[in-house]
Amino acid sequence: MDIRQLKYFVAVADARNFTRASEVLHIAQPPLSRQIQLLEEELGVQLILRNSRPLRLTEAGRTFYEQALQIISRLDQLKTATRQIGLNQQRTLSIGFVASTLYGGLPMLVRKLRQHYPDVDIQLVELTSQQQFAALTSGRIDVGFGRVRGNDATVARTILREERLVLALPPDSPLAGASSRIPFSAIQGQKLIVYPKEPRPSFADHVLSLLNDHAVRPATVHEVREIQTALGLVAADSGICVIPASARLRSDVHYRLIDDPRITSPIIMSHRLNDNAWYIAALKEMVAAMYAENPPWLDVEHSVFQGGDAQPEDAPPAKPPRVRKQPAA
């Protein structure tokens with residue numbers, strides 16, 4: 001099996017016709033058919049149903065098609081990156097992220113990257129934590145920032161910090177009139193909104209796992225697709241929601257810090273295992289420097305929460321967390 005055969009197969013799968021595929025590839029049809037036949041013989045499975053019009057892929061053929069596309073794409077990226085470096089052209093860094101990291105340190109980190117590496121084209125791709133693992137493997141992104149601990153053995157993960165979680169409450173909720181901090185057990189018997197609904201596992205599963213660990217049972221659980229929808233429903237008095245402290249987006253919702261330092265959500269940086277590219281060390285150094293500056297979004301203990309509540313002035317200052325490595329599963 002070689003890359004030429006993969007490209008031949010993809011062309012046939014796209015055209016659903018050997019004649020049209022041969023025209024696209026600028027080769028005669030008999031050699032093309034022979035190469036696909038040799039490919040099937042090597043794999044020991046049928047990839048194409050030749051008796052159908054147009055041609056259809058078998059289930060094995062569909063899987064092979066998806067993987068072949070990834071290999072061809074990765075090879076093209078490899079060629080482009082090598083040429084750019086060899087010709088001293090602009091480099092590209094693709095960063096995957098979950099939406100909630102935009103409310104914390106990711107914008108600051110990207111600004112620092114642009115300042116220190118002006119010749120690098122930085123591309124941001126919104127992906128769930130689970131989608132980031134597949135995107136790293138396929139080469140679609142170079143590094144990802146998410147919140148879910150995956151178990152992909154080909155991906156290395158570094159926990160950058162554990163972010164405190166807060167309860168988002170409707171203004172008229174009895175819990176909204178409580179003190180600045182609120183026990184996690186306050187969710188007991190409440191209508192809870194979690195996000196995202198899919199794909200799973202996700203931040204929703206992290207919250208539900210925390211509830212299960214602390215034997216807290218909400219009355220109902222309503223799943224929605226994104227945090228903006230969840231907070232909109234909270235504002236409409238449809239329930240309460242657990243969110244990262246940095247994601248306090250709406251002014252018509254009250255927020256209460258959960259009074260338990262163990263109730264957190266990790267910020268995780270992921271990259272391909274054994275990837276020693278320049279950006280891995282650069283990103284870790286910048287994250288450490290950024291935390292050392294103790295920016296306002298990091299200082300949860302002194303943050304003013306909507307509803308006019310603030311932490312006492314004599315509360316101990318928040319310490320920048322240490323970047324610690326999580327071994328790959």
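This is a predicted model: local features need pLDDT of at least 70, side-chain atom pairs count only at pLDDT 80 or more; totals for chains, interfaces and linings use all residues.
Let's start where α2 meets α3: Phe18, Thr19, Ala21, Ser22 and Leu25 on the α2 side touch Gln29, Leu32, Ser33 and Ile36 on the α3 side. By contact I mean heavy atoms within 4.5 Å. The residues there split into five nonpolar, four polar and no charged.

Residues are numbered from 1 along each chain as its sequence is written, and side-chain values use heavy atoms, with hydrogens and water left out.

Back to the helices. Two packed helices are described by the angle between their axes and the distance between the axes. For α2 and α3 (residues 29-43), the angle is about 105° and the axes are 9 Å apart. The axes are lines fitted to C-alpha atoms, for helices over the stretch in contact, and the angles run from 0 to 180 degrees between N-to-C directions. That makes α2 and α3 roughly perpendicular to each other. The cut-offs here: under 35 degrees is roughly parallel, over 145 roughly antiparallel, 65 to 115 roughly perpendicular, and the rest oblique.

Which residues in α1 and α2 meet? From α1 we have Tyr8, Ala11, Val12 and Ala15, and from α2 Phe18, Arg20, Ala21 and Leu25. That contact divides into seven nonpolar, no polar and one charged.

In the loop between α1 and α2 sits arginine 16. Its phi is near 55°, a positive value in a residue other than glycine. Arginine 16 is partly exposed, at 35% relative accessible area. My cut-offs are under 20% for buried, over 50% for exposed, and partly exposed in between, with a 1.4 Å probe and protein chains only. Asparagine 274 also has a positive phi, near 65°, and is not a glycine. Asparagine 274 belongs to the loop between β12 (264-272) and α9, and with 64% relative accessible area it is exposed.

Stepping back a moment: the protein has nine helices and 13 strands. Those are DSSP runs numbered from the N terminus, with helices being H or I of at least four residues and strands E of at least two. Buried residues make up 47% of the 329 residues. And of the contacts with a separation of 6 or more, 72% are between residues 24 or more positions apart.

How many aromatic pairs does the structure hold? Four. Rings of Phe, Tyr and Trp (its six-membered ring) pair if their centres lie within 6.5 Å; planes under 30 degrees apart are stacked, over 60 edge-to-face, and the rest tilted. Take tyrosine 117 and tryptophan 278: ring centres 4.7 Å apart and planes at 45°, so the pair is tilted. Tyrosine 117 is in the loop between α5 (106-116) and β4 (120-126), and tryptophan 278 is in helix α9 (residues 278-292), so the pair ties together parts 161 residues apart in sequence. Tyrosine 117 is partly exposed at 24%, and tryptophan 278 is partly exposed at 30%. Tyr117, Trp278 and Tyr279 form one aromatic cluster.

Another tilted pair is tyrosine 195 with phenylalanine 203, centres 5.2 Å apart and planes at 40°. Tyrosine 195 is buried at 7%, and phenylalanine 203 is buried at 7%. Tyrosine 195 comes up again in the backbone, where its peptide bond to proline 196 is cis, with omega near -10°. Proline 196 lies in the loop between β8 (191-194) and α7 (203-213). There's a cis bond between arginine 53 and proline 54 too, with omega about 0°.

Last stop, threonine 58. Buried or exposed? It's buried, at 13% relative accessibility. Threonine 58 sits in the loop between β2 (56-57) and α4 (59-86), and, not counting residues up to four places away in sequence, it touches Gln46, Leu47, Ile48 and Leu49.

Technical notes. Ala, Val, Leu, Ile, Met, Phe, Trp, Tyr, Cys and Pro count as nonpolar, Asp, Glu, Lys and Arg as charged, and the others, Gly among them, as polar.
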